[in-house]
Amino acid sequence: MTNDQLTAIVLAGGKSRRMGRDKALIPIEDVPMLQRICQIAETCAEQVYIVTPWPERYQHLLLPKSQFIQELPLPDETGNESKTHGPLVGFAQGLTQVKTDWVLLLACDLPKLRVEVLQEWISRLQQVPEEAIAALVYRNNRWEPLCGFYRRRCLPELNKYIEQGGRSFQEWLKQYPVQVLPLVDQEMLFNFNSLI
Ligand SMILES: Nc1nc2c(ncn2[C@@H]2O[C@H](COP(=O)(O)OP(=O)(O)OP(=O)(O)O)[C@@H](O)[C@H]2O)c(=O)[nH]1
Ligand SMILES: [Mg+2]
(Lines give C-alpha, C1' and ligand atoms only; values in the text may rest on other atoms or scores of the structure.)
(Ligands and ions follow the chains in the order given, each with its own letter.)
Protein backbone atom coordinates (compact mmCIF):
# COMPACT_ATOMS: atom_id res chain seq x y z
CA MET A 1 0.00 0.00 0.00
CA THR A 2 1.33 3.45 -0.91
CA ASN A 3 1.09 6.60 1.24
CA ASP A 4 -1.63 8.08 -0.93
CA GLN A 5 -3.88 5.09 -0.16
CA LEU A 6 -3.89 5.88 3.54
CA THR A 7 -5.11 8.93 5.49
CA ALA A 8 -4.13 9.60 9.11
CA ILE A 9 -6.35 11.18 11.77
CA VAL A 10 -4.70 12.45 14.94
CA LEU A 11 -6.95 13.27 17.89
CA ALA A 12 -6.03 16.26 20.04
CA GLY A 13 -9.11 17.25 21.91
CA GLY A 14 -8.98 15.69 25.30
CA LYS A 15 -9.24 17.59 28.56
CA SER A 16 -6.05 16.00 30.00
CA ARG A 17 -7.75 15.87 33.40
CA ARG A 18 -5.42 13.24 34.80
CA MET A 19 -2.27 14.97 33.50
CA GLY A 20 -3.47 18.42 34.50
CA ARG A 21 -2.10 20.15 31.40
CA ASP A 22 -2.55 19.72 27.66
CA LYS A 23 -0.80 16.45 26.78
CA ALA A 24 -0.50 17.48 23.12
CA LEU A 25 1.94 20.23 24.08
CA ILE A 26 4.15 18.28 26.49
CA PRO A 27 7.64 18.01 25.00
CA ILE A 28 9.35 14.64 24.56
CA GLU A 29 12.99 15.10 23.57
CA ASP A 30 12.18 18.79 23.02
CA VAL A 31 9.39 18.11 20.53
CA PRO A 32 5.77 18.68 21.60
CA MET A 33 3.82 15.41 21.66
CA LEU A 34 1.34 16.41 18.94
CA GLN A 35 4.13 17.51 16.58
CA ARG A 36 5.95 14.23 17.16
CA ILE A 37 2.86 12.11 16.42
CA CYS A 38 2.05 14.14 13.31
CA GLN A 39 5.61 13.77 12.02
CA ILE A 40 5.27 10.00 12.31
CA ALA A 41 1.81 10.11 10.72
CA GLU A 42 3.19 12.20 7.85
CA THR A 43 5.69 9.48 6.99
CA CYS A 44 2.85 6.92 6.73
CA ALA A 45 0.12 8.90 4.99
CA GLU A 46 -0.07 11.60 2.33
CA GLN A 47 -2.89 13.36 4.16
CA VAL A 48 -2.89 13.95 7.93
CA TYR A 49 -5.85 15.51 9.74
CA ILE A 50 -5.68 16.78 13.29
CA VAL A 51 -9.15 16.78 14.83
CA THR A 52 -9.36 19.30 17.64
CA PRO A 53 -11.86 21.74 19.15
CA TRP A 54 -9.03 24.30 19.58
CA PRO A 55 -6.75 24.50 16.48
CA GLU A 56 -5.45 27.93 17.58
CA ARG A 57 -3.59 26.23 20.43
CA TYR A 58 -1.48 24.19 18.01
CA GLN A 59 -1.05 26.62 15.12
CA HIS A 60 2.57 27.34 16.08
CA LEU A 61 3.68 23.70 15.80
CA LEU A 62 5.71 22.56 12.80
CA LEU A 63 3.26 20.38 10.91
CA PRO A 64 4.00 20.88 7.19
CA LYS A 65 1.69 18.21 5.82
CA SER A 66 -1.05 18.20 8.46
CA GLN A 67 -4.38 19.99 8.30
CA PHE A 68 -6.66 20.92 11.16
CA ILE A 69 -10.26 19.83 11.34
CA GLN A 70 -12.15 21.98 13.79
CA GLU A 71 -14.36 19.76 15.91
CA LEU A 72 -17.91 21.04 16.00
CA PRO A 73 -19.79 21.33 19.28
CA LEU A 74 -22.70 18.93 19.77
CA PRO A 75 -25.50 19.23 22.30
CA ASP A 76 -24.82 16.93 25.27
CA GLU A 77 -27.36 14.81 27.20
CA THR A 78 -28.62 17.90 29.04
CA GLY A 79 -29.19 19.76 25.78
CA ASN A 80 -26.29 22.16 26.42
CA GLU A 81 -23.61 22.58 23.78
CA SER A 82 -20.37 20.96 24.75
CA LYS A 83 -17.03 21.40 22.96
CA THR A 84 -15.71 17.88 23.35
CA HIS A 85 -17.47 14.54 23.24
CA GLY A 86 -14.58 12.18 23.50
CA PRO A 87 -12.43 10.41 20.95
CA LEU A 88 -15.20 8.48 19.17
CA VAL A 89 -17.00 11.67 18.11
CA GLY A 90 -13.72 13.35 17.15
CA PHE A 91 -12.88 10.34 14.99
CA ALA A 92 -16.29 10.40 13.27
CA GLN A 93 -15.90 14.10 12.46
CA GLY A 94 -12.45 13.49 10.96
CA LEU A 95 -13.64 10.48 9.00
CA THR A 96 -16.13 12.63 7.04
CA GLN A 97 -13.11 14.21 5.22
CA VAL A 98 -11.36 10.94 4.39
CA LYS A 99 -11.24 9.77 0.78
CA THR A 100 -9.05 6.69 1.10
CA ASP A 101 -10.40 3.21 1.96
CA TRP A 102 -8.20 2.93 5.06
CA VAL A 103 -7.48 5.44 7.80
CA LEU A 104 -4.83 5.33 10.52
CA LEU A 105 -6.21 6.71 13.80
CA LEU A 106 -3.74 7.97 16.41
CA ALA A 107 -4.02 9.55 19.84
CA CYS A 108 -1.67 12.46 20.44
CA ASP A 109 -0.24 10.97 23.63
CA LEU A 110 1.82 8.00 22.46
CA PRO A 111 5.41 8.96 23.33
CA LYS A 112 6.79 5.52 22.37
CA LEU A 113 5.08 5.25 19.00
CA ARG A 114 7.39 3.67 16.38
CA VAL A 115 7.18 4.31 12.70
CA GLU A 116 8.62 0.88 11.74
CA VAL A 117 5.80 -0.87 13.60
CA LEU A 118 3.18 1.24 11.84
CA GLN A 119 4.85 0.52 8.48
CA GLU A 120 4.79 -3.20 9.20
CA TRP A 121 1.08 -3.03 10.08
CA ILE A 122 0.39 -1.02 6.91
CA SER A 123 2.01 -3.76 4.84
CA ARG A 124 -0.62 -6.18 6.22
CA LEU A 125 -3.71 -4.10 5.41
CA GLN A 126 -4.24 -5.48 1.94
CA GLN A 127 -4.66 -8.98 3.43
CA VAL A 128 -7.27 -7.95 5.99
CA PRO A 129 -10.55 -9.83 5.27
CA GLU A 130 -13.13 -7.66 3.54
CA GLU A 131 -15.65 -8.05 6.37
CA ALA A 132 -13.32 -6.62 9.04
CA ILE A 133 -14.10 -2.93 9.64
CA ALA A 134 -10.85 -2.27 11.51
CA ALA A 135 -7.40 -3.70 12.27
CA LEU A 136 -6.32 -3.10 15.88
CA VAL A 137 -4.25 -4.46 18.72
CA TYR A 138 -6.21 -6.51 21.27
CA ARG A 139 -4.84 -6.77 24.80
CA ASN A 140 -6.13 -6.87 28.38
CA ASN A 141 -9.54 -7.89 27.02
CA ARG A 142 -9.99 -4.72 25.03
CA TRP A 143 -9.23 -3.22 21.67
CA GLU A 144 -6.59 -0.49 21.51
CA PRO A 145 -8.74 1.90 19.47
CA LEU A 146 -6.42 4.91 19.24
CA CYS A 147 -3.45 3.39 17.43
CA GLY A 148 -4.79 1.38 14.53
CA PHE A 149 -6.68 1.26 11.26
CA TYR A 150 -10.33 1.61 10.22
CA ARG A 151 -12.10 1.29 6.90
CA ARG A 152 -13.72 4.51 5.74
CA ARG A 153 -16.94 2.60 5.03
CA CYS A 154 -17.62 2.28 8.79
CA LEU A 155 -18.69 5.96 8.93
CA PRO A 156 -22.47 5.52 8.40
CA GLU A 157 -22.61 2.81 11.11
CA LEU A 158 -20.48 4.94 13.40
CA ASN A 159 -22.72 7.98 12.92
CA LYS A 160 -25.78 5.86 13.70
CA TYR A 161 -24.18 4.63 16.92
CA ILE A 162 -23.27 8.21 17.93
CA GLU A 163 -26.77 9.52 17.14
CA GLN A 164 -28.14 6.90 19.53
CA GLY A 165 -25.91 8.37 22.24
CA GLY A 166 -23.07 5.84 21.98
CA ARG A 167 -19.61 7.12 22.92
CA SER A 168 -17.59 3.94 23.56
CA PHE A 169 -15.12 2.51 21.05
CA GLN A 170 -15.21 -0.84 22.87
CA GLU A 171 -18.98 -1.12 22.73
CA TRP A 172 -19.14 0.03 19.13
CA LEU A 173 -16.40 -2.34 17.95
CA LYS A 174 -18.08 -5.35 19.60
CA GLN A 175 -20.71 -5.35 16.85
CA TYR A 176 -18.24 -6.01 14.02
CA PRO A 177 -15.41 -8.28 12.95
CA VAL A 178 -12.04 -6.65 13.65
CA GLN A 179 -8.66 -7.96 12.53
CA VAL A 180 -6.08 -8.40 15.29
CA LEU A 181 -2.71 -6.68 14.80
CA PRO A 182 0.40 -8.16 16.45
CA LEU A 183 2.13 -6.08 19.12
CA VAL A 184 5.66 -7.25 19.73
CA ASP A 185 6.75 -4.24 21.76
CA GLN A 186 4.15 -3.72 24.52
CA GLU A 187 5.80 -0.42 25.45
CA MET A 188 4.86 1.12 22.14
CA LEU A 189 1.29 1.77 23.18
CA PHE A 190 2.25 3.34 26.49
CA ASN A 191 0.25 6.52 26.91
CA PHE A 192 0.89 9.00 29.60
CA ASN A 193 -1.89 10.20 31.76
CA SER A 194 0.15 11.39 34.70
CA LEU A 195 3.76 12.48 35.01
CA ILE A 196 6.17 9.57 34.88
N1 LIG B 1 -10.71 15.49 19.02
C2 LIG B 1 -10.89 14.98 20.23
N3 LIG B 1 -9.93 14.20 20.78
C4 LIG B 1 -10.15 13.71 22.02
C5 LIG B 1 -11.33 13.97 22.76
N6 LIG B 1 -11.24 13.35 23.97
C7 LIG B 1 -10.04 12.72 23.98
N8 LIG B 1 -9.38 12.95 22.83
C9 LIG B 1 -8.05 12.46 22.45
O10 LIG B 1 -8.06 11.06 22.59
C11 LIG B 1 -6.80 10.59 23.07
C12 LIG B 1 -6.95 9.76 24.31
O13 LIG B 1 -7.66 10.48 25.28
P14 LIG B 1 -7.33 10.39 26.82
O15 LIG B 1 -6.08 9.61 27.06
O16 LIG B 1 -8.54 10.03 27.57
O17 LIG B 1 -6.93 11.91 27.07
P18 LIG B 1 -7.74 13.04 27.76
O19 LIG B 1 -9.21 12.84 27.56
O20 LIG B 1 -7.13 14.31 27.29
O21 LIG B 1 -7.31 12.83 29.27
P22 LIG B 1 -8.25 12.61 30.55
O23 LIG B 1 -9.02 13.89 30.71
O24 LIG B 1 -7.28 12.39 31.67
O25 LIG B 1 -9.12 11.42 30.21
C26 LIG B 1 -5.94 11.85 23.24
O27 LIG B 1 -5.19 11.99 22.06
C28 LIG B 1 -6.95 12.96 23.35
O29 LIG B 1 -6.45 14.21 22.89
C30 LIG B 1 -12.33 14.78 22.15
O31 LIG B 1 -13.38 15.10 22.71
N32 LIG B 1 -12.06 15.26 20.88
MG1 LIG C 1 -10.18 10.97 28.38
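Analyst: The shell around ligand 1 divides into seven nonpolar, 10 polar and six charged residues, where Ala, Val, Leu, Ile, Met, Phe, Trp, Tyr, Cys and Pro count as nonpolar, Asp, Glu, Lys and Arg as charged, and the others, Gly among them, as polar. This is a predicted model, in which local features need pLDDT of at least 70 and side-chain atom pairs count only at pLDDT 80 or more, while totals for chains, interfaces and linings use all residues. Residues are numbered from 1 along each chain as its sequence is written, and chains are lettered from A and ligands numbered from 1 in the order in which they are written.

In total, 23 residues surround ligand 1, and the closest are Gly 13, Gly 14, Arg 17, Thr 84 and Gly 90; a residue is near a molecule if its C-beta atom, placed from the backbone, lies within 6 Å of it. The elements that give two or more residues to this shell are β4 (47–52) and α2 (87–95), helices (H or I, at least four residues) and strands (E, at least two) being DSSP runs numbered from the N terminus.

The UniProt annotation "binding site", from an unreviewed entry, covers Leu 11, Ala 12, Gly 13, Lys 23, Asp 76 and Asp 109; UniProt positions are given in the numbering used here, feature names are shortened, and annotations may be inferred rather than shown by experiment. Of these, Asp 109 is found in the loop between β8 and α3 (115–124). Leaving aside neighbours within four places in sequence, Asp 109 is in contact (C-beta atoms, placed from the backbone, within 7 Å) with Lys 23, Met 33, Asn 191 and Phe 192.

Terms used. Contact = placed C-beta atoms within 7 Å.
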